[in-house]
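Please look through the structure below. A short report on its main features comes after it.

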Amino acid sequence: MEGLKFLVVSVVLALASSFASASDPSPLQDFCVAMKKPMVWACFKCLSHALFVNGKFCKDPQQVTEKDFFFSGFNVPRDTSSPVGSNVTAVNVAQIPGLNTLGISLARIDFAPYGGLNPPHTHPRATEILVVVEGTLYVGFVTSNLANGDNRLITKVLNPGDVFVFPVGLIHFQLNVGKTNAVALASLSSQNPGVITIANAVFGADPPINPNVLTKAFQVDKKVVDYLQKQFWTDNNN
Ligand code: MN
């Protein structure tokens, strides 16, 4: 009986660890260059009934070219005049179809001098590793709710050449604390990491979240919630 229990527990643990994949699943072929619709000319009805499984449809490997793996212009500084003073240039499967199924992507983040901010956000599907190329950034992430109820804040001031990691799913931010522009490059462990900008998602949801929900959740006067919900929440990821 004990042996059987052990076997059942072992199988459950083995299954749990195989499902708890922190990044994208491993590909089953060299590449699967993303395409909008599958090329099934003999079966037009199939097109409308085809489903995405976990990623995009694959282009015929014989039709793949170097363009499918290429992006240019990452050296060009971006406009940081948005209200938060930053601009994220993502290079993921949407920009490079050849990234499909490969579990990796890249971002360039430009920060305005004196306080350009990449506001608190999370990537639901990726860990991020960031290197500062120019300027000085104050960066940090917050842990999930700990056993004692705390959410620990882990921060660091980074200079050119410094590298920092933001673990998958955790809320994080980067603030330019220098007098010059700042530039950082980040790699993310997903072809499609996703971004949830906290303030935008909570106060700028469309349609809006019922203010009673936010008033109670944030323990503030309803006027504060009304004010925040009236703001125009810009997205610095474009
Ligand atoms: Mn990030």
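The report starts with the whole chain and then turns to details.

## Basis and confidence

This is a predicted model: local features need pLDDT of at least 70, side-chain atom pairs count only at pLDDT 80 or more, and totals for chains, interfaces and linings use all residues. Residues are numbered from 1 along each chain as its sequence is written, and side-chain values use heavy atoms, with hydrogens and water left out.

pLDDT is the predictor's confidence in each residue, from 0 to 100. Its mean over the protein chain is 87. Of the residues, 82% reach 70 or more. Residues 11-19 stay under 50. The model has zero contacts beyond four places in sequence for them. A contact means heavy atoms within 4.5 Å. Where pLDDT is low, the predicted coordinates should not be read in detail.

## The chain as a whole

The protein chain has five helices and 12 strands. Helices (H or I, at least four residues) and strands (E, at least two) are DSSP runs, numbered from the N terminus. Take the contacts between residues at least 6 apart in sequence: 74% of them join residues at least 24 apart.

The chain has 238 residues, and buried ones make up 31%. Buried means under 20% relative accessible area, exposed means over 50%, and partly exposed lies in between (1.4 Å probe, protein chains only). The chain exposes about 14900 Å², of which carbon and sulfur atoms supply 63%. Accessible areas come from the Shrake-Rupley method with a 1.4 Å probe; for residues, only the protein chains shown count as cover.

Two strands pair if DSSP finds at least two bridges between them.

Start with β7 (residues 137-142). This strand runs antiparallel to β8, with six bridges between them. Here Val 142 stands opposite Leu 153 of β8. β7 also pairs with β10 in the antiparallel sense, again over six bridges. There Gly 140 faces Phe 173 of β10.

Next comes β5 (residues 117-122). Three bridges join it to β10 (residues 171-176), and the two strands run antiparallel. Leu 117 has Leu 175 in β10 as its bridge partner.

## The manganese site

Which residues hold the protein donors of the manganese ion? They are His 121 (NE2), His 123 (NE2), Glu 128 (OE) and His 172 (NE2). These donors lie 2.1 to 2.2 Å from the ion. Donors are N, O and S atoms within 2.8 Å of the metal (3.2 Å for Na, K and Ca); water is not among the atoms, so sites may look incomplete.

The donor residues follow the sequence spacing H-x1-H-x4-E-x43-H. His 121 is buried, at 3% relative accessible area. His 123 is buried too, at 7%.

## Salt bridges

Side chains of opposite charge can pair when their charged atoms come close. A salt bridge is a side-chain nitrogen of Lys or Arg within 4 Å of a carboxyl oxygen of Asp or Glu. The count here is three.

| Residue pair | N to O distance |
|---|---|
| Lys 59 and Asp 68 | 3.0 Å |
| Arg 108 and Asp 110 | 2.8 Å |
| Lys 222 and Asp 226 | 3.3 Å |

Are these residues buried or exposed? Lys 59 is partly exposed, at 24% relative accessible area, whereas Asp 68 is buried, at 8%. Arg 108 and Asp 110 are both buried. Lys 222 is partly exposed at 38%, and Asp 226 is partly exposed at 25%. Lys 222 and Asp 226 both sit in helix α5 (residues 222-230). They are four residues apart, about one turn of the helix.

## Backbone details

Most residues other than glycine have a negative phi, and most peptide bonds are trans. Tyr 114 has a positive phi, near 50°. Its place is the loop between β4 (105-111) and β5. Tyr 114 is exposed, with a relative accessible area of 65%. Gln 219 has a positive phi as well, near 55°. Gln 219 lies in the loop between α4 and α5 and is exposed, at 65% relative accessible area.

A cis peptide bond joins Asp 206 and Pro 207, with omega about -5°. Pro 207 is in the loop between α3 (198-203) and α4 (211-218).
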